[in-house]
Number of protein chains: 4
Amino acid sequence: MTGVRKLEHATMAVTDLEESVDCYTDVFGLDELDRRDGVVYLGCGLDENYDLALTEGGTGIEHFAIRLTDAEIDAYERRLADTEADVRRTDGAEPGQESGVRVSLPSGIDVELVSVADTRYLHPTKATADRLGVAPLDLDHINLMSDAIEEDVAFLEDHLDFDVSDEIVEEDGSTVQSWMRHGRFHHDAGFTRTDDPAETLHHIAFQFESFDHIKLFCDRLAQHGYQLEYGPSRHNAGSNLFAYFWGPGGNRIELSAEMATLDPDTETGVRVLEEESNTVSSWGGSPPKQEFLEKGS
Amino acid sequence: MTGVRKLEHATMAVTDLEESVDCYTDVFGLDELDRRDGVVYLGCGLDENYDLALTEGGTGIEHFAIRLTDAEIDAYERRLADTEADVRRTDGAEPGQESGVRVSLPSGIDVELVSVADTRYLHPTKATADRLGVAPLDLDHINLMSDAIEEDVAFLEDHLDFDVSDEIVEEDGSTVQSWMRHGRFHHDAGFTRTDDPAETLHHIAFQFESFDHIKLFCDRLAQHGYQLEYGPSRHNAGSNLFAYFWGPGGNRIELSAEMATLDPDTETGVRVLEEESNTVSSWGGSPPKQEFLEKGS
Amino acid sequence: MTGVRKLEHATMAVTDLEESVDCYTDVFGLDELDRRDGVVYLGCGLDENYDLALTEGGTGIEHFAIRLTDAEIDAYERRLADTEADVRRTDGAEPGQESGVRVSLPSGIDVELVSVADTRYLHPTKATADRLGVAPLDLDHINLMSDAIEEDVAFLEDHLDFDVSDEIVEEDGSTVQSWMRHGRFHHDAGFTRTDDPAETLHHIAFQFESFDHIKLFCDRLAQHGYQLEYGPSRHNAGSNLFAYFWGPGGNRIELSAEMATLDPDTETGVRVLEEESNTVSSWGGSPPKQEFLEKGS
Amino acid sequence: MTGVRKLEHATMAVTDLEESVDCYTDVFGLDELDRRDGVVYLGCGLDENYDLALTEGGTGIEHFAIRLTDAEIDAYERRLADTEADVRRTDGAEPGQESGVRVSLPSGIDVELVSVADTRYLHPTKATADRLGVAPLDLDHINLMSDAIEEDVAFLEDHLDFDVSDEIVEEDGSTVQSWMRHGRFHHDAGFTRTDDPAETLHHIAFQFESFDHIKLFCDRLAQHGYQLEYGPSRHNAGSNLFAYFWGPGGNRIELSAEMATLDPDTETGVRVLEEESNTVSSWGGSPPKQEFLEKGS
């Protein structure tokens with residue numbers, strides 16, 4: 001039930017809105033909380049906050065949000081005013097949202113800082129919806145494709161107090177992958193380098209309670225005709241358990257559990273990219289296909 | 001997924017049929033498979049066989065069934081013909097049932113021997129229904145209240161090849177509780193001594209995958225307004241994990257997992273009844289109320 | 001693996017040091033990291049930091065520590081200088097500790113703010129010790145007996161930025177129990193009111209990975225002759241799973257999992273004390289004995 | 001705790017006896033029960049029966065044993081006397097063994113029928129050894145490499161009452177793989193076709209409690225320098241969860257959980273071999289390398 005103070009929600013484009021909504025509600029067990037202006041708001045059902053919003057047409061991420069207090073949001077707004085970035089108030093723009101400030105990263109993806117109306121802590125016996133037992137607990141993190149990865153990382157460090165938990169660099173020091181945290185979880189947002197500006201998302205990850213629930217969900221996916229792309233196994237970076245598949249609407253989805261928590265003084269882990277077969281998994285096993293390492297949506 | 005060759009199904013009376021059906025389908029996640037002559041047939045959804053049938057009016061057990069091959073059923077029918085017991089063929093009398101032979105125990109409860117049409121083995125990715133992740137896998141066992149406990153035990157031993165796995169006796173050797181197996185699970189049918197001929201059932205038990213799933217189901221019960229009577233903990237007899245509550249329609253229900261399996265040559269465990277506070281649990285903890293030890297439905 | 005930024009360690013008195021060390025190493029699977037001046041330092045083995053220190057003679061808690069950065073510790077030291085409390089530097093006083101500041105609560109129990117040398121994040125495949133699979137992951141929280149509960153709570157709120165997550169009060173508003181957090185977990189330190197100044201500890205809690213691991217540990221405790229006092233079940237306050245027993249050396253121990261995380265803006269939950277049978281558990285079941293509610297060490 | 005009446009034990013050759021014993025005791029947590037005539041007998045520690053015996057030199061399987069009652073063993077001995085197979089009594093030849101009859105399969109591998117002295121049922125709180133929490137519960141099954149696969153299968157069917165649960169055949173009907181059961185578990189012994197008479201073993205499998213325990217054991221393997229060859233995932237045939245690695249001494253080991261149970265009347269599943277990438281896993285994911293499908297020890 002470690003559900004809060006990390007990635008709060010995200011808005012994602014899907015190639016087929018109704019088919020995607022059906023899958024997220026029927027297979028994932030999410031609740032449809034609201035529809036406004038063509039956006040469908042879905043929640044995991046432990047509280048009234050939405051976790052994932054879907055829009056019709058295309059693929060990839062439109063914005064993602066970190067949850068803060070109103071005072072913290074105001075303070076960041078003042079700091080962002082000193083940058084050249086495009087900054088907007090989005091108070092009340094989404095269901096359950098109170099304060100909101102949105103800013104565009106150098107690569108063009110929007111980050112939002114929000115406070116929410118429902119601030120309860122999650123208690124399994126007091127869930128707001130009639131949840132499937134194996135449903136995701138929460139949105140866990142997001143991993144973006146960026147054609148300006150170093151600028152994006154620097155922006156989040158300099159203006160929004162994110163820290164780099166782990167990174168993979170070339171021998172010349174240029175960044176290939178970066179995992180960044182705002183709170184205590186190893187990463188709220190990761191970045192994968194791309195040359196294709198049309199790609200914005202490597203994957204979006206849902207938090208599951210345990211490896212056993214990832215198992216139950218893989219059974220459920222197979223029953224509904226979805227096959228995994230890679231996993232399950234345990235990641236080297238972040239130590240979280242994972243399984244990946246291409247979900248409805250054209251985006252890659254990760255099932256995640258046991259993400260590590262870090263202290264503010266934990267040092268950044270840096271690895272130099274090697275031509276190894278499988279540095280993605282701590283356990284070994286069959287390596288992912290090259291497409292997994294390079295392709296997003 | 002160890003689901004077969006133990007208690008196959010049971011028929012139970014409930015004080016309010018529709019309320020009970022709603023609870024078993026909405027909260028337990030069972031599937032309504034059929035309705036015939038006022039009997040509602042419910043299944044756990046991994047295959048097409050029914051697990052629990054409900055009838056309107058009263059409480060307690062009407063009959064329970066063990067699954068066998070047609071040849072085994074015929075052989076038992078011939079053996080039972082030599083007793084004075086009331087023996088009937090019930091071929092095809094219930095949904096999915098092929099052969100059937102039913103016989104009354106000395107206490108009046110009916111035992112049925114059945115073969116079924118759907119003999120597949122259970123594969124989680126090939127479940128026949130869209131199951132809740134935390135739903136019961138199967139009916140696990142039944143524990144009866146008997147005013148003729150020694151006669152019932154002897155009948156099952158002598159004519160149907162049941163073995164006593166564990167028993168609790170008075171100092172004079174008279175039986176207080178008995179746990180009996182037909183297959184390899186520690187008990188398919190247990191017996192608790194009563195002086196009240198109106199009581200037939202101590203509890204009916206559903207098999208859950210793990211202690212974690214018992215946890216999820218306790219959360220679910222609390223969300224729906226049901227509180228536990230006793231547990232969760234681990235039993236001394238059978239080593240299974242347990243949690244008890246009074247379900248809809250007036251019968252006690254057990255959530256069970258990790259029932260031990262026995263070999264044919266495992267000796268019967270005999271304990272003399274003592275005035276101890278908690279011999280029910282291997283872990284200790286708050287003991288059950290006296291009502292738990294004595295009262296059925 | 002959500003192990004950091006909550007209770008960092010505690011020092012506890014035990015009636016028999018060697019017997020207690022044997023139990024914590026053999027049964028709990030903790031590592032003995034160091035012995036200095038009669039104090040034995042034990043760690044859970046995922047990193048090199050100690051979690052529990054034991055001293056010979058008596059029972060109860062001597063001090064507990066919260067982990068911070070050096071800069072945070074310095075800032076709190078300056079704030080504490082404005083109070084009348086006894087404040088001391090304890091830099092390097094314990095194994096693996098760097099900065100340290102210790103201050104006495106009104107009831108006399110010491111709170112320590114520490115930074116540590118080993119700031120890695122926990123990765124199961126990189127544990128520093130050869131851990132038992134079911135061993136505790138970390139110290140989880142501490143629950144103190146206080147004869148100055150309202151003063152203790154006010155001190156932690158006013159000078160060390162703790163928040164009250166939940167509390168139980170009398171009808172006149174006086175505090176019976178309080179659960180306080182410094183980071184994001186529902187409680188790092190709880191308080192139970194007592195009239196007995198000799199009692200300082202209600203229980204010390206270890207974090208387990210899951211309800212399944214609590215099960216395995218209850219099996220292990222039974223195998224080694226320890227019986228539970230109460231549980232397992234799920235708490236109303238904090239939503240964590242629990243099981244309690246009296247450990248070696250005369251102190252109550254809790255096995256805990258799934259502690260809720262809160263946001264800074266989550267409101268305090270207040271309940272008025274009632275004569276209910278079981279408000280401790282969200283699931284019901286057999287209530288705890290009165291001794292559980294009132295007696296510490 | 002479903003531990004009995006399937007594969008009882010096996011004897012395996014290893015290239016380095018002491019290194020292998022160290023790994024099986026230190027990493028797997030098995031107990032060394034006895035050494036006789038160069039054979040080391042190891043047990044999982046829930047009862048006093050041995051599960052795996054190791055001999056120095058070479059790789060592969062020497063014999064495997066199924067547990068029966070004395071009367072059943074005598075009956076099979078009489079039936080086997082009518083064949084041309086080499087049949088021997090092995091009463092008391094191994095630690096804890098009572099009756100024993102051994103016979104050679106057409107491919108040369110020995111099958112043993114045994115009864116044992118310790119017939120208790122497994123109770124986690126009454127384990128005979130101080131077990132690691134994540135240690136295997138029991139030997140689960142064995143998968144043999146056979147250069148006479150159809151003759152081996154026919155022998156086990158005709159003379160020892162094994163049934164084929166699933167098989168994979170060529171288009172011409174010749175057998176590629178076969179999974180056979182004597183009791184109720186989907187397979188006690190599997191067979192993989194080979195042209196190399198020097199290979200006898202595809203893998204030996206240990207039973208783990210759950211997918212979560214497979215996870216813990218994969219963490220433990222990584223900590224000790226072992227990397228997985230394939231998995232974890234869920235098998236199509238048998239529905240069991242799996243993870244494979246090359247263990248010490250040159251043999252492949254499977255970690256297994258949730259093996260399906262079958263009824264005597266469950267029909268054999270037959271699949272025709274296809275050039276598909278991954279029919280091994282129900283979930284998809286990265287397929288195994290060709291070596292996994294063809295190479296044994």
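Reader: How many salt bridges are found across the interface of chain C and chain D?

Author: Side chains of opposite charge can pair when their charged atoms come close. In this predicted model, the interface of chain C and chain D holds 4 salt bridges. One case is the pair C:D130 and D:R220, whose side chains meet at 3.5 Å, N to O; the cut-off for such a pair is 4 Å.

Reader: Which classes of residue does chain C present to chain D?

Author: Besides the 4 salt bridges, there are 12 residue pairs in polar contact between chain C and chain D, both residues being at pLDDT 80 or more. The side of chain C that touches chain D consists of 7 nonpolar, 5 polar and 7 charged residues. In this interface, 19 residues of chain C are in contact with 19 residues of chain D. About 1,500 Å² is buried between these two chains, and carbon and sulfur atoms give 42% of that area.

Reader: What is the count of salt bridges between chain A and chain C?

Author: For that pair of chains the count is 0 salt bridges. Polar contacts are present, however: 14 residue pairs, both at pLDDT 80 or more, are found across the interface of chain A and chain C. By class, the side of chain A facing chain C has 13 nonpolar, 14 polar and 12 charged residues.

Reader: How much area do chain A and chain C bury between them?

Author: The buried area is about 2,900 Å², with 51% of it on carbon and sulfur atoms. A:Y121, A:T261 and A:D263 supply 21% of the area that chain A buries against chain C, more than any other three residues. In terms of contacts, 39 residues of chain A touch 39 residues of chain C.

Reader: By what turn can chain A be laid on chain C?

Author: A turn of 180° with a shift of 0.0 Å along the axis places chain A on chain C, with an RMSD of 0.0 Å. That is the relation of a two-fold axis. Moreover, 100% of the interface residues of chain A are also interface residues in chain C, so the copies meet through the same surface.

Reader: Where do the partners A:D219 and D:R234 lie?

Author: Their side chains meet in a salt bridge of 2.7 Å, N to O. A:D219 belongs to helix α4 of chain A and D:R234 to strand β14 of chain D, so this pair joins two chains. Over all chains, the whole structure has 92 salt bridges.

Methods
Residues numbered from 1 in each chain as written. Chains lettered and ligands numbered in written order. Predicted model: local features only at pLDDT ≥ 70, side-chain atom pairs only at ≥ 80, totals over all residues. Heavy atoms only, no water. Least-squares fit on C-alpha atoms with pLDDT ≥ 70 in both. Contact = heavy atoms within 4.5 Å. Buried area = accessible area lost by both parts, 1.4 Å probe. Polar contact = N/O pair within 3.5 Å; in protein donor to acceptor, adjacent residues only side chain to side chain. Nonpolar A, V, L, I, M, F, W, Y, C, P; charged D, E, K, R; others polar. Helix = DSSP H or I, 4+ residues; strand = E, 2+ residues; numbered from the N terminus.
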